[in-house]
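Subject: The structure for you to look at

Hi there,

Here is the structure I said I would pass on to you. Have it open while you read, and my notes follow below.

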Amino acid sequence: MYVGGAEHATGHLLYSRFWHKLLKDYGLVVTEEPFKTLRNQGMILGTDNRKMSKRWGNVINPDDVVKTYGADTLRVYEMFMGPFESSLAWSTDNIIGSRRFLERVWRLQSKLSSKAKENPKLQTTLHKTIKKVTGDIENFAFNTSVSMMMILVN
């Protein structure tokens, strides 16, 4: 599987296809093509809804976000922003919700007891969450998998 942005995919795919064909000619690989599947992620735009660019002065440095909120918060927020293939404008207005979710998960893990494992309603919700998240990961539907985990925590 090749996962990449549509703007750069053409060059990368041509290059990898060239090398794969060479390896095929030498009998080092058996497949005709280097990738079975292509997935293009959407672009995270600047707060002004334009492509992030130094020219426009709308670039968000992920290091700054990590310093303020942490890497896990950034990862959860990016996955929760919207569908994988959609282009969406960056906004730090809602990132605090991802941070609060992770803090709730952290607090919750210390409260779980063996009695929770015996709760049939919780077990049902847990198994539904596992099934949904597994399917969502396979389908690159990360935003709905995060949503399902939020439902589980609630």
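First, a term you'll need: a salt bridge is a side-chain nitrogen of Lys or Arg within 4 Å of a carboxyl oxygen of Asp or Glu. Before we go on, please keep in mind that this is a predicted model, where local features need pLDDT of at least 70, side-chain atom pairs count only at pLDDT 80 or more, and totals for chains, interfaces and linings use all residues. Residues are numbered from 1 along each chain as its sequence is written, and side-chain values use heavy atoms, with hydrogens and water left out.

**Salt bridges**

How many salt bridges does a search of the whole structure find? There are eight. One of them joins the side chains of Glu33 and Lys21, with N to O at 3.6 Å. This pair links distant parts of the chain, twelve residues apart: Lys21 is in helix H1 (6–25), while Glu33 is in the loop between H1 and strand E2 (38–41). (Helices, H or I with at least four residues, and strands, E with at least two, are DSSP runs numbered from the N terminus.) Glu33 counts as partly exposed because its relative accessibility is 33%, and Lys21 is partly exposed too, at 28%. The cut-offs here are under 20% relative accessible area for buried, over 50% for exposed, and partly exposed in between (1.4 Å probe, protein chains only).

Next, Arg39 forms a salt bridge with Glu85, and their closest N and O atoms are 4.0 Å apart. Arg39 lies in strand E2 and Glu85 in the loop between helix H3 (71–80) and strand E4 (88–89), so this pair ties together parts that are 46 residues apart in sequence. Glu85 is partly exposed, at 48% relative accessibility.

Then have a look at Arg75 and Asp72, a salt bridge with the closest N and O atoms 2.8 Å apart. Both residues lie in helix H3, three residues apart, which is about one turn of the helix. Arg75 counts as exposed, because its relative accessibility is 51%. Salt bridges that share partners also join Arg17, Lys21 and Glu33 into one network.

**A nonpolar patch**

Tyr15, Phe18 and Trp19 make a nonpolar surface patch of about 380 Å². Patches are made of residues with over 30% relative accessible area and no salt bridge, with like charges joined within 9 Å and nonpolar side chains (Val, Leu, Ile, Met, Phe, Trp, Tyr) within 5 Å. The areas come from the Shrake-Rupley method with a 1.4 Å probe, and for residues only the protein chains shown count as cover. Phe18 is in helix H1, and at 52% relative accessible area Phe18 is exposed.

Asn49 is not a glycine, yet has a positive phi of about 70°. Look for Asn49 in the loop between strand E3 (44–45) and helix H2 (62–69). Phe140 is not a glycine either, and has a positive phi of about 60°. Phe140 sits in the loop between helix H6 (120–138) and H7. Are these two residues buried or exposed? Asn49 is exposed, with a relative accessible area of 53%, whereas Phe140 counts as buried, at 12% relative accessibility.

Happy exploring!
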